[in-house]
Amino acid sequence: MSLSQRLASARKDTGMTQREVAEKLDISFQAVSLWERGETAPDIDKLAELASLYQVTTDWLLTGAKTENVFIDFQASLSDRLFDEGRMYTYIKTYASVKKLYQTSSVLPYARELHKGQLRKGKDQVPYIYHPLLISCHALALGLDDDNLVSTALLHDVCEDCGIAAGELPVNQETRTAVSLLTRTSDDDEQYYAKISQNAIATMVKLLDRCNNISSMAVGFSKEKMVEYIKETERWFYPLLQKAKYEYPMYSNQIFLIKYHMTSVIEVFKHQA
């Protein structure tokens, strides 16, 4: 059974109609219909809501795998359910299959292999692959499901951290260019951000990257590092957001949401500091 078939089967087992599901999730019933026809896939947060509503696990919806203790899954924290490395990986894999993001499908295991054994810096060290997976899930949740953009999100750190040249990446030239722009080759910040701003994909991935880091800095950074990070964000990323708003109007909604989130987190920190 595919994801769409499992979604339909689980709904029918509960006796609910598509319209009833839509009302409970505060979405249109057309969205539920599209999921069950395999034309689109639910966002990762909606997937967790569907699992809870249908009394199944997110793992079963994504892969068909069963667990002996479903109750444990429902009692897990929201963070555990949504942002587990394995679930994010499977979600991106499933989404890429549904949306026919062929490059993303091949890049996903490639990126995981390159980052194998690497850990994120910070207080709570986690496997490094968690970071590009989370950025990719963030992109998909915002409707940024362009194959090149998601592939770039998955690969954005591999040249710097894995010793891979952009020209060696098994992707098309558009993705190589974006990854190359995101790879630091000098300490010249002005030149670095100026080049990124000239490429839509590199710009959006860089903004998503910073948004993710801003969101998690409270658990990974010292207070001094957070102050420094906020100053850097205000110096380079606020202008980047402003320029992107006018240069890339096709991403205006996503840019607004990214800016809103980043600004909200930063202002909360400033008032608490």
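**Aromatic pairs and salt bridges in the predicted model**

Both Tyr193 and Trp236 are buried. The model that holds these side chains is predicted. Tyr193 and Trp236 form a stacked aromatic pair. Their ring centres lie 5.3 Å apart, with 10 degrees between the planes. Tyr193 belongs to helix 14 (residues 189-197) and Trp236 to helix 16 (residues 223-247), so the contact ties together parts that are 43 residues apart in sequence. Tyr193 and Trp236 are also members of one aromatic cluster, together with Tyr192 and Phe237.

Six aromatic pairs are found in a search of the whole structure. Another of the aromatic pairs is formed by Phe221 and Tyr229, with edge-to-face geometry. Here the centre-to-centre distance is 5.0 Å and the planes stand at 70 degrees. Phe221 has a relative accessibility of 17% and therefore counts as buried. Tyr229 has a value of 9%, so this residue counts as buried too.

Charged side chains also sit over rings. Arg19 lies over the face of Phe29, at 4.1 Å from the ring centre. Arg120 is placed over the face of Tyr128, at 5.5 Å from the ring centre.

The count of salt bridges comes to eight. One of them joins Arg11 and Glu36, with the closest N and O atoms 2.6 Å apart. This pair links distant parts of the chain. Arg11 lies in helix 1 (residues 3-14) and Glu36 in helix 3 (residues 29-36), 25 residues apart. Both partners, Arg11 and Glu36, are buried.

Glu39 forms a salt bridge with Arg37. The closest N and O atoms of Glu39 and Arg37 are 2.9 Å apart. Glu39 has 44% relative accessibility, so this residue counts as partly exposed. Arg37 is likewise partly exposed, because its relative accessible area is 49%.

A further salt bridge pairs Glu267 with Lys270, the closest N and O atoms being 3.9 Å apart. The cut-off for a salt bridge is 4 Å, so this distance falls within the limit. Glu267 and Lys270 both lie in helix 17 (residues 252-272). They are three residues apart, about one turn of the helix. Glu267 is partly exposed, with a relative accessible area of 31%. Lys270 counts as partly exposed at 39% relative accessibility. Glu267 and Lys270 are linked with Glu234 in a network of salt bridges.

Definitions and conventions. Residues are numbered from 1 along each chain as its sequence is written. This is a predicted model: local features need pLDDT of at least 70, side-chain atom pairs count only at pLDDT 80 or more; totals for chains, interfaces and linings use all residues. Side-chain values use heavy atoms; hydrogens and water are left out. Rings of Phe, Tyr and Trp (its six-membered ring) pair if their centres lie within 6.5 Å; planes under 30 degrees apart count as stacked, over 60 as edge-to-face and the rest as tilted. Helices (H or I, at least four residues) and strands (E, at least two) are DSSP runs, numbered from the N terminus. Buried means under 20% relative accessible area, exposed over 50%, partly exposed in between (1.4 Å probe, protein chains only). A charge sits over a ring if NZ of Lys or CZ of Arg is within 6 Å of the ring centre and within 35 degrees of the ring normal. A salt bridge is a side-chain nitrogen of Lys or Arg within 4 Å of a carboxyl oxygen of Asp or Glu.
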